[in-house]
Amino acid sequence: MDLANTSLRQLASALHERRISSRELTQAYLERIGRLDGQLGAFITVDPDKTLSQADAADARIARGEAGPLTGIPVAHKDIFCTEGWLTTCGSRMLSNFVSPYDAHVIEKFAAAGALILGKTNMDEFAMGSSNETSHFGPVKNPWNLAKVPGGSSGGSAAAVAARLAPAATATDTGGSIRQPAALCGVSGIKPTYGLVSRYGMIAYASSLDQGGVIAPSAEDLGLVLNTMVGFDTRDSTSIERPTEDYTAALGQPLKGLRIGLPREYFSGGVSPDVAQAIDAALEVYDRLGAERVEVSLPHSHLSVPVYYVLAPAEASSNLSRYDGVRYGHRAAQYGDLNDMYERTRAEGFGAEVKRRILTGTYVLSRGYYDAYYLQAQRVRRLIVNDFREAFARCDVIMGPSSPTVAFGFGEKTSDPVQMYLSDIFTISVNLAGLPGLSIPAGFGAAGLPVGLQLIGNYFSEGRLLQAAHGYQQATDWHRQVPDMARA
Amino acid sequence: MDWEVVIGLETHAQLATHSKIFSGASTAFGAAPNAQASAVDLALPGVLPVLNRAAVDCAIRFGLSTGATVASRSIFARKNYFYPDLPKGYQISQYEIPVVSGGTVTIEVEGQARTIRLTRAHLEEDAGKSLHEDFHGLSGIDLNRAGTPLLEIVSEPDLRSAAEAVAYARALHRLVTWIGICDGNMQEGSFRCDANVSVRPRGQEELGTRCEIKNLNSFRFLEKAIEYEIRRQIELIQAGGAVVQETRLYDPDRDETRSMRSKEDAQDYRYFPDPDLLPLSIEAAWIDRVRAELPELPDAMQQRFTDDFGLSMYDAGVLTASRDMARYFLDLLPCAGNDAKLCANWVSGELAAALHRESLEIQDSRVSPQQLGGLLKRVQDGTISGKMAKELFDVLWREGGEADALIEARGLKQISDVSSLERIVEALMAEHPAQVAEYRAGKEKVFGFFVGRAMKASGGRANPEQLNVVLKQRLKAE
């Protein structure tokens with residue numbers, strides 16, 4: 001089977017029709033990982049024995065006629081999801097020895113569906129980064145050009161799917177960590193509405209913004225995986241209880257009359273010309289499909305990056321306090337008293353970007369600064385929410401670039417955090433508002449690197465977003481393009 | 001100089017829920033270390049808190065019982081600090097908007113009733129315990145207590161003496177145990193107080209600098225620690241010094257308070273709303289349900305006992321010292337012919353003494369209200385004397401059984417009928433003609449001789465009042 005050119009739906013049919021066993025399929029992916037991942041670094045942990053025994057169980061289930069759509073499909077998981085018996089590192093030295101004693105809700109859902117754990121993917125440390133350069137386990141390379149970053153923080157998941165080392169991968173998105181790497185790696189990725197995917201067992205970075213999602217080659221594949229991943233969970237107080245929805249139901253419905261909102265602020269500079277050109281071309285495809293363009297405004301969008309870099313570090317500074325060397329994870333080998341143990345443990349266990357955000361967060365929550373930073377940022381966050389509310393009164397879906405540039409080179413932005421932070425300028429406001437967002441491949445820019453088109457929907461409009469993305473993917477074949485290395 | 005003492009208390013009441021405030025782990029006391037620490041309590045990566053609504057029930061109960069305001073929307077906040085027995089590196093508490101605001105508690109000191117205002121009461125989780133003694137050169141961490149729900153009850157600085165502070169703590173203790181939100185066990189730390197103490201020259205408006213005394217887990221320590229602290233502060237000021245705002249620890253062995261940390265060392269806890277928890281929203285129906293389940297409160301019951309049963313405020317106070325005490329009394333009453341005074345005397349007398357001897361709580365009494373009631377009925381109808389009843393009570397306590405059967409079996413029935421008593425008296429008079437003559441000659445002291453002999457002849461069962469009447473009659477009659 002040509003894994004470079006087979007969609008998740010096709011794999012599922014092949015398994016159901018017993019044209020291939022889960023074991024064979026899994027072995028094929030493991031073989032690709034073994035052969036190609038040395039160049040990419042997309043995986044932190046692969047455990048073929050464990051995975052293959054899950055594949056055998058899936059084959060038995062298929063044989064019993066009890067298979068669901070994902071039964072027997074190997075899925076890679078971002079190393080932020082706790083997986084029982086697997087190393088779960090969150091890309092950090094702090095958790096480099098942490099074997100989770102429990103499964104995240106998402107992992108339970110996949111297990112119940114009969115999907116297998118293909119491995120744990122590399123990521124920016126504690127999901128803090130936009131280039132996957134902050135991982136303790138080394139950077140992930142972009143399969144389209146090994147000298148370029150894959151984006152972050154879900155760089156491992158995006159690169160694995162782009163190189164077809166996995167048919168789909170879970171990921172998380174706090175400020176763009178699904179959409180930006182999906183864009184930079186030329187794959188599709190969706191961040192659902194905040195609260196749809198349980199955060200239980202998903203290691204927290206910034207709790208009010210973190211949301212689990214999926215990266216896969218196509219919108220249709222995303223819908224299939226989302227059907228398994230979404231679900232109410234009493235163990236997450238922010239989880240939302242809604243009737244079960246089939247996210248593939250609307251796929252194939254025509255896009256005629258779809259009102260596409262184009263925020264003035266997303267098209268007024270700050271976007272590199274190659275990206276702008278690809279987005280324009282994508283919008284023309286939508287014109288031909290019968291969609292209507294509506295100009296909208298998100299007047300506070302320029303404040304989203306500063307607001308995010310107050311709120312996310314504030315929450316992170318507290319969320320990461322549990323990594324103190326007392327109960328699990330890294331502990332300094334040599335220390336004097338208790339404070340010395342804390343200091344050395346955390347100094348050794350965390351990388352520079354994580355430390356920067358802990359310090360920033362600690363600062364903005366400090367007495368005397370709280371009102372000026374944290375409270376003020378919360379106020380602006382509400383303005384950003386209102387911007388979207390007003391925009392969605394006039395359109396069904398908002399479109400724009402996922403990232404202002406195509407993939408950049410290693411080290412290009414590491415010396416200037418603000419430049420790095422600005423690579424999420426188009427994605428962050430979506431997290432601040434808790435809306436669903438999606439990125440799909442929309443051609444290539446400079447040096448043949450992929451460009452991502454971002455689709456933003458109103459709350460719980462995942463089905464419609466996927467329909468809009470699928471319509472585009474029916475009319476184009478950018479999502480079928482694979483990097484040369486994947487064809488090998 | 002005349003000094004005025006100003007005290008406010010912060011009381012932590014462990015809530016009597018079965019499971020923890022943000023996890024499903026049990027809150028039972030005394031399990032092996034860390035046996036009751038779930039993934040959430042251990043703060044494993046990825047775990048999340050989920051609010052236990054039973055803890056909110058407790059907070060609402062408390063709010064309703066003190067006439068406080070229960071917030072329709074309150075916020076859980078994180079209090080950030082590092083300590084090994086605080087697994088998340090923050091404590092989930094309430095900061096800006098607590099679940100309960102205001103309210104009052106009435107205390108009585110030396111017969112004077114005073115109303116103490118409450119500032120607030122908020123929900124929070126307890127920390128674990130650090131065990132510094134059990135391991136040589138190491139500290140152990142037991143997280144069984146981590147996540148146990150607490151209600152922190154903060155009073156206004158309305159208390160003016162150590163005695164008032166103790167009276168307040170006792171009143172609060174009676175209330176929280178009465179409404180069933182706390183087991184009140186101070187030894188196990190279920191109910192513990194911190195005291196904010198300051199002094200100022202009487203008449204001065206401005207408050208003096210206060211010190212917070214921690215680690216007060218008995219009423220006696222609370223009283224002694226405050227008394228020590230008042231003395232310390234007054235002596236310090238009189239010697240020309242100044243009180244420094246600080247946290248002090250009470251050392252019961254040396255009966256003194258010691259500085260723990262000064263205000264300068266006070267940490268910045270960087271409170272902010274916990275993004276893992278939604279605002280706590282309490283709709284009217286929830287409050288109504290809790291109100292409907294609320295028992296009659298101790299103050300109201302005490303008043304009712306004086307109004308309805310004619311008991312003194314003191315007696316009524318004893319009988320409402322705990323809900324179990326009141327329940328015992330109310331169960332006893334119908335079994336004892338509704339003689340409230342008799343019941344009150346017995347509950348606060350014989351029964352209380354017996355319980356005290358064996359360090360039992362009233363709910364563990366060896367004599368049930370039904371047993372005691374059966375006994376008291378026979379006192380009331382004159383079947384047995386009060387003295388015999390006390391003896392029988394001891395038998396009931398030791399051996400159990402039922403009063404009527406014991407009276408029957410032991411032949412203890414009091415002789416009250418006139419003809420039986422007359423027979424005894426006549427026999428005595430026949431035996432002792434000289435004494436009869438003496439009495440009739442005006443030597444009234446001889447009457448006592450006949451009482452003693454008659455009692456002896458009846459085996460102690462003669463009804464004393466009845467005997468008096470019969471004796472007088474027969475001796476006088478020539």
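**Helix packing, cores and contacts in a predicted model**

Student: Why are α1(B) and α4(B) called roughly perpendicular to each other?

Tutor: This is a predicted model. In it, helix α1 (residues 53–65) and helix α4 (residues 284–293) of chain B pack at an angle of about 70°. Angles of 65 to 115 degrees count as roughly perpendicular. Therefore α1(B) and α4(B) are roughly perpendicular to each other. Their axes are 9 Å apart.

Student: What makes the contact of α1(B) with α4(B)?

Tutor: From α1(B) come B:Asp57, B:Ile60, B:Arg61 and B:Leu64. From α4(B) come B:Trp286, B:Ile287, B:Val290 and B:Arg291. By class, that contact has five nonpolar, no polar and three charged residues.

Student: Which residues of helix α4 of chain A are buried, and what covers them?

Tutor: In α4 (residues 105–113) of chain A, the buried residues are A:His105, A:Val106, A:Ile107, A:Lys109, A:Phe110 and A:Ala113. The cover includes β2 (74–78), β4 (169–173), β6 (211–216) and α7 (219–229) of chain A. Just after α4(A), A:Gly114 takes a positive phi of about 85°.

Student: What makes B:Ala195 stand out in the largest nonpolar core?

Tutor: That core has 223 residues. B:Ala195 is one of those that touch the most other members, along with A:Val75, A:Ile215, B:Ala59, B:Leu151 and B:Ala165. The largest share of this core, 10 residues, comes from helix α2 (residues 162–178) of chain B. Leaving aside neighbours within four places in sequence, the contacts of B:Ala195 include B:Ile7, B:Leu9, B:Ala165 and B:Ile213. Apart from this core lies another, of 31 residues, among them B:Leu333, B:Cys343, B:Val379 and B:Leu392.

Student: How many residues of chain B are in contact with chain A, and of what classes?

Tutor: On chain B, 24 residues are in contact with 35 residues of chain A. The chain B side divides into 16 nonpolar, three polar and five charged.

Student: How is chain B divided into domains?

Tutor: Domain 1 covers 3–288, domain 2 covers 296–409 and domain 3 covers 418–476. The C-alpha centres of domain 2 and domain 3 of chain B lie 35 Å apart.

Methods. Residues numbered from 1 in each chain as written. Chains lettered and ligands numbered in written order. Predicted model: local features only at pLDDT ≥ 70, side-chain atom pairs only at ≥ 80, totals over all residues. Domains from an automatic or database assignment. Axes fitted to C-alpha atoms, helices over the stretch in contact; angles between N-to-C directions. Helix = DSSP H or I, 4+ residues; strand = E, 2+ residues; numbered from the N terminus. Parallel < 35°, antiparallel > 145°, perpendicular 65-115°, else oblique. Contact = placed C-beta atoms within 7 Å. Nonpolar A, V, L, I, M, F, W, Y, C, P; charged D, E, K, R; others polar. Buried ≥ 20, exposed ≤ 12 C-beta atoms within 10 Å, placed from the backbone. Core = buried A, V, L, I, M, F, W, Y, C linked by C-beta atoms within 7 Å.
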